[in-house]
Amino acid sequence: MIDILFYVFAAITLTSALLMVVSPNAVNSAMCMIVAFVGTAALFVLLEAYFLAVLQVLVYAGAVMVLFLFIIMLLDVDKETNQILKDKLTLSASIAGFALLVVLICSAFAGGQHLPETSLMPVMENPTGEGIGIPFTTSAKSFGYSLFTKYMLPFQVTGFLLLAGMIGVIVVSKKHSANS
Amino acid sequence: MTVGLNAFILVAGLLFAIGLLGVILRKNTLIIYMSLELMLNAVNLALVAFSRYNGTMDGNLFVFFIITVAAAEVALGLAIIVALFRLRQTVMVDQLTALSR
């Protein structure tokens, strides 16, 4: 049952991602992108990362794509009409590169079944008790615990990055006055 | 669930390839930017799959940080695109060739 769900959600995600790339209308692209993000969130649920699935829907499918749609409608650029299909060289080069990449990925991971099962070596010495990693749980509590113990410094740096991004957006989008 | 790690990594790799195709193929800067987000998303999926099959939380925390950084990056990138549009009245990359002249 869960296997069928995986195939369904993977197909939805990949199809809408491909539709996003080939759709000539920018608004249609954004809509397909939202479907792709929600499909990825469903794959997160199948991997039992429920907190990240909620976060994916809230941040990516919610905030980020609303921002994208807002800018698309604000700029109103729909002049890219069939321009992709006219440029034969770009089209053929992209398709060829994409096909090469797909063949590479498929051969790398479909042929990987023959490899022997890797077994991790047991940890010989562990003086500080670190390095084993927090065991996988489905609760959001483990996120909070990890963020305030093992990943304290990256957490603070991320907060500072958000502040820097906010100030950067204000500076970039400010209208230049004549005397500055 | 009998679906293994390979299937998830295959889906993540294909998503990454589709994002790369979008970056190469499209002329609209906004679509290129959305394709970049798709590639980040593919990496997120791979990290969560590895984290789940490894049995540790670290991959999930990396995805948490990636989502945060991506949100900041989208805000700043779209501000840059709006500033570019205000300056040049276009967002098509084949018309933004000021550095090559």
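**Entry 1: a salt bridge.** I looked up Arg52(B) and found that its side chain meets that of Glu48(A) in a salt bridge at 2.6 Å, N to O; the term requires a side-chain nitrogen of Lys or Arg within 4 Å of a carboxyl oxygen of Asp or Glu. The count between chain B and chain A is two salt bridges. I note that this is a predicted model, in which local features need pLDDT of at least 70, side-chain atom pairs count only at pLDDT 80 or more, and totals for chains, interfaces and linings use all residues. Residues are numbered from 1 along each chain as its sequence is written, chains are lettered from A and ligands numbered from 1 in the order written, and side-chain values use heavy atoms, without hydrogens and water.

**Entry 2: the interface.** I recorded 69 residues of chain B in contact (heavy atoms within 4.5 Å) with 82 residues of chain A. The two chains bury about 6,800 Å² between them, 79% of it on carbon and sulfur atoms; this is accessible area (1.4 Å probe) lost on being put together, summed over both parts. Arg26(B), Met34(B) and Met57(B) supply 10% of the area that chain B buries against chain A, more than any other three residues.

Entry 3: Residues 6–25 of chain B are 100% helix (a DSSP run of H or I, at least four residues), with end C-alpha atoms 28 Å apart. Residues 62–85 of chain B are also 100% helix, and their end C-alpha atoms lie 34 Å apart.

Terms used: Helices (H or I, at least four residues) and strands (E, at least two) are DSSP runs, numbered from the N terminus.
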